Amino acid sequence: VQFTPDVMPSDLTGFSMYKKDSGTFEYQPGSVMCNLLLADEINRTSPKTQSALLEVMEEQKVTVDGITHEVPSPFIVIATQNPFGSAGTWMLPEAQLDRFMVCLKLGYPKMEEEIDILKGMQRREEVHPVITKEELLAMQKEADQIFVHEELYQYVGELADRTRKHPMIDLGLSPRGTINVLQMAKSVSFLNQRSYVIPEDVKDVFQDVCAHRIILNAKARVAHKDVAQMLEEILKHTPAPKIL
């Protein structure tokens with residue numbers, strides 16, 4: 001969905017349309033009735049449309065005219081937000097950014113990547129699926145069952161607590177963010193074909209899960225510190241458990 005100011009919540013959630021031949025209202029599915037939704041430039045649409053999408057992300061369902069419809073499973077949302085040219089747009093506030101598990105900054109591609117892009121424009125190769133929906137759901141279920149040692153729960157909790165008590169951070173990691181750190185660490189363990197989480201898994205995902213949830217204060221700006229440096233500092237000064 002290309003998000004623009006005229007995109008309405010019903011464009012996402014769907015609406016009821018009167019059918020003259022049957023004399024009844026029939027539900028017309030919206031854009032969220034899919035497995036993978038790309039919300040392109042989400043900050044360019046109105047807050048009420050943003051909220052409609054965020055509600056579906058949280059509840060995994062929509063309610064139209066009192067009737068609830070489950071979204072397909074799995075349901076994955078990728079949203080883009082351009083930090084430049086944002087005048088007159090509605091940037092997502094902190095509480096809404098918190099709904100997204102990770103935040104990645106793309107930046108410019110490397111030279112070799114840009115050459116691949118140029119070559120790809122000439123080829124226009126056909127895209128083929130590499131996994132089925134059922135296989136993805138099975139992997140998600142298996143990743144959820146990854147073992148986490150008690151000391152790793154303590155480690156993740158300690159990292160979260162340090163973001164909240166750091167003298168240069170105004171807004172630390174939320175409880176939802178703490179849960180996401182552990183979920184992502186489990187996923188990394190699964191991708192590395194392990195049945196248990198290790199401290200390195202937590203360290204690998206900590207920056208991407210936390211960066212969009214942290215707000216620095218004036219002390220950090222005076223010291224010329226950014227969020228990445230703060231998180232790296234917290235990782236460095238928080239002892240990781242040694243699990244055999």
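Val-64 has Ile-67 of strand S5 as its bridge partner. This is a predicted model, where local features need pLDDT of at least 70, side-chain atom pairs count only at pLDDT 80 or more, and totals for chains, interfaces and linings use all residues. Residues are numbered from 1 along each chain as its sequence is written, and side-chain values use heavy atoms, without hydrogens and water.

S4 and S5 pair in the antiparallel sense over four bridges. Pairing requires at least two DSSP bridges between the strands. Strands are DSSP runs of E with at least two residues; helices are runs of H or I with at least four, and both are numbered from the N terminus. Two residues lie between S4 and S5, and Asp-65 takes a positive phi near 55°.

| Face of S4 (residues 61–64) | Residues |
|---|---|
| Covered | Val-62 and Val-64 |
| Uncovered | Lys-61 and Thr-63 |

**The cores.** A nonpolar core joins buried Ala, Val, Leu, Ile, Met, Phe, Trp, Tyr and Cys residues through side-chain atoms within 4.5 Å. Buried means under 20% relative accessible area, exposed over 50%, partly exposed in between (1.4 Å probe, protein chains only). The largest core has 29 residues, and Val-181 and Val-202 have the most contacts inside it. Helices H6 (150–165), H7 (175–191), H8 (199–210) and H10 (227–237) each give it two or more residues. A second, separate core of 19 residues includes Ile-42, Val-62, Val-71 and Leu-92.

**Cysteines.** The whole structure has zero disulfides (cysteine sulfur pairs within 2.5 Å). For Cys-103, the nearest cysteine sulfur belongs to Cys-210, 11 Å away.
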